[in-house]
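Trainee: I would like to go through this model with you, a few residues at a time. Could we begin once it is on the screen?

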Amino acid sequence: MTITEQNYWLTTAEIPQTDRSQPVPESVDVAVLGAGFTGLSAARALAKRGATVAVLESETIGWGASSRNGGMVLTGLKLGVNKLVSMYGHERTQQMYAASLASIDCVEQIVREENIACDFARCGHLEVACKQKHFDDYARQAGVIARGFNHQVRVVPRHELPAEIGSSIYYGGMVDEVSAGLNPARYVAGLGCAAMRAGAAIFEHARVQGIERFSRNGASEFRVTTSRGSLWARNVFVGTSGYTGAATPALRKKIIPIGSYIITTEVLPDALARELSPRNRMIYDSKNYLYYYRLTPDRRMLFGGRAAFSPETADTIRKSAEILRRGMIDVYPQLRDVKVEYVWGGTLDFAFDIMPHAGQIDGIYFAVGYAGHGVAMATWQGQKMAEMIAGDKPENPFVGIPFPGAPLGLYNGRPWFLPFAGAWYKFLDWVS
Ligand SMILES: Cc1cc2nc3c(=O)[nH]c(=O)nc-3n(C[C@H](O)[C@H](O)[C@H](O)COP(=O)(O)OP(=O)(O)OC[C@H]3O[C@@H](n4cnc5c(N)ncnc54)[C@H](O)[C@@H]3O)c2cc1C
């Protein structure tokens with residue numbers, strides 16, 4: 001059987017269709033860039049408050065990372081709590097950690113309220129240690145999380161790991177029962193329908209080409225030019241994540257687009273699936289250049305990683321299939337003769353400090369920088385930023401923290417340094 005270079009999740013979902021002959025409106029309260037979790041969650045919340053909203057999407061609903069990811073709805077941030085405390089102090093880290101927990105509740109609530117059939121389940125996540133010193137750090141982290149953030153994670157010593165994972169290569173693990181899993185393509189499709197039901201209009205194949213600020217009728221407004229025409233917007237919200245481009249140059253300079261790739265196997269026999277992941281966890285390892293994996297609801301092994309650092313192209317996707325298959329067999333030799341059926345890639349958004357950021361830049365609202373932890377956080381940020389745009393003052397610990405650009409300003413949005421970064425992370429995994 002040949003491998004299909006296609007996103008497996010999309011074969012299971014029905015992405016809503018919009019009327020592509022409809023012209024963009026003359027003016028709206030809020031123009032939202034991007035129809036992924038961030039943009040759609042914001043659009044839904046804004047429309048529910050009575051705002052007129054146009055979601056402008058250069059491709060189709062959910063086309064970006066939101067339909068392509070592992071569907072892991074994770075607690076915490078990309079950076080560990082010790083690092084966060086050293087960067088922001090205890091109180092701000094506490095707020096950030098609480099936000100990460102709230103973001104999972106937020107997804108669960110939307111799924112319930114909007115009746116989204118996306119296999120959302122609180123199955124928990126398992127982080128596995130690739131080295132003894134990584135495992136030793138789990139105990140320290142679990143202590144900080146319990147004492148400082150009133151949340152329990154469970155450290156799993158090596159001899160107890162077989163109850164969690166059918167692999168013998170790890171030094172131990174750490175389980176968080178609060179994390180969840182879902183089918184991301186079905187979730188983003190459901191979020192799109194929910195935004196439209198609330199009254200937001202979605203315009204696909206409407207790439208935003210420019211945003212200019214003018215004074216109009218005595219107020220400041222934005223003229224948003226798209227490939228389907230232009231419109232006036234009182235506010236603009238950007239949720240373009242790893243696909244942030246030339247239309248928002250100030251933001252583009254602060255975001256590094258990084259490729260991530262996934263394979264899925266054929267459907268596995270029940271017993272084998274149970275052996276690989278007895279508790280059906282969302283699993284990832286402790287490396288910088290990490291692997292993440294899980295069973296899909298129909299019992300395929302979904303295995304992802306940074307097989308290439310650069311954003312997806314036909315070439316990197318093809319090469320990733322074999323690199324990831326070898327990685328999967330290192331973890332699970334039981335899968336040696338199992339067929340890989342799908343391979344695809346997508347682009348993540350990393351800020352230079354590997355943190356989520358939200359707020360305003362040049363008067364334009366934005367939320368970006370999820371660094372592979374965006375399923376829950378993007379949904380939450382969309383909702384919080386909608387509240388902010390509507391004039392509330394929601395608590396959002398990611399607003400107002402320093403948002404660094406590249407050192408010495410050596411970056412214009414074209415990530416020429418990614419091959420070096422890839423080598424650097426491999427080196428770090430070797431020495432740390
Ligand atoms: C392979 C992969 C695996 C991942 N796994 C996980 C995981 O398991 N758990 C997790 O929490 N996170 C994961 N992530 C990250 C998560 O998917 C993202 O953080 C999240 O989807 C970001 O959502 P978003 O709406 O901000 O951006 P996106 O979903 O990327 O949407 C941005 C949209 O903006 C549009 N756009 C860009 N420029 C313009 C423009 N000028 N005009 C109009 N539209 C524009 C794009 O077409 C795109 O559709 C993964 C990401 C990838 C790529």
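Trainee: Is Tyr171 buried, exposed or partly exposed?

Mentor: Tyr171 is partly exposed, because its relative accessible area is 30%, where buried means under 20%, exposed over 50% and partly exposed in between (1.4 Å probe, protein chains only). Please keep in mind that this is a predicted model, in which local features need pLDDT of at least 70 and side-chain atom pairs count only at pLDDT 80 or more, while totals for chains, interfaces and linings use all residues. Residues are numbered from 1 along each chain as its sequence is written, and side-chain values use heavy atoms, with hydrogens and water left out.

Trainee: Where does Tyr171 lie, and what does it touch?

Mentor: Tyr171 lies in the loop between strand 5 (154–157) and strand 6 (172–176). Helices (H or I, at least four residues) and strands (E, at least two) are DSSP runs, numbered from the N terminus. Not counting residues up to four places away in sequence, Tyr171 touches Ala129, Cys130, Lys131, Gln132, Phe135 and Arg158; contact means heavy atoms within 4.5 Å.

Trainee: How far is Tyr171 from Met355?

Mentor: The two residues are 184 apart in sequence, and their C-alpha atoms are 28 Å apart in space.

Trainee: Cys130 was among those contacts. How many disulfides does the structure hold?

Mentor: It holds zero disulfides, a disulfide being a pair of cysteine sulfur atoms within 2.5 Å. Cys130 itself is partly exposed, with a relative accessible area of 22%.

Trainee: Turning to the ligand, which residues come nearest?

Mentor: Thr38, Glu57, Ser66, Met72 and Val375 come nearest, of the 35 residues around the ligand; a residue is near a molecule if one of its heavy atoms lies within 4 Å of it. The shell divides into 13 nonpolar, 18 polar and four charged residues. Here Ala, Val, Leu, Ile, Met, Phe, Trp, Tyr, Cys and Pro count as nonpolar, Asp, Glu, Lys and Arg as charged, and the others, Gly among them, as polar.

Trainee: Which side chains have an N or O atom by a ligand oxygen?

Mentor: Glu57 has a side-chain N or O atom 2.5 Å from an oxygen of the ligand. For Asn69 the corresponding distance is 3.2 Å, and for Ser241 it is 3.4 Å. Taken alone, the ligand exposes 1,000 Å², of which the protein buries 97%; the areas come from the Shrake-Rupley method with a 1.4 Å probe. Two or more shell residues come from each of helix 1 (37–48), helix 2 (65–68), strand 12 (255–265), strand 16 (340–351) and helix 9 (374–389).

Trainee: Now the backbone. What is phi at Asn115 and at Ala371?

Mentor: Phi is near 55° in Asn115 and near 50° in Ala371. Both values are positive, in residues other than glycine. Most residues other than glycine have a negative phi.

Trainee: Where are they found, and are they buried or exposed?

Mentor: Asn115 is in the loop between helix 3 (81–113) and strand 4 (125–128), and it is exposed, at 69% relative accessible area. Ala371 is in the loop between strand 18 (364–368) and helix 9, and it is buried, at 2%.

Note on methods: Polar contact = N/O pair within 3.5 Å; in protein donor to acceptor, adjacent residues only side chain to side chain.
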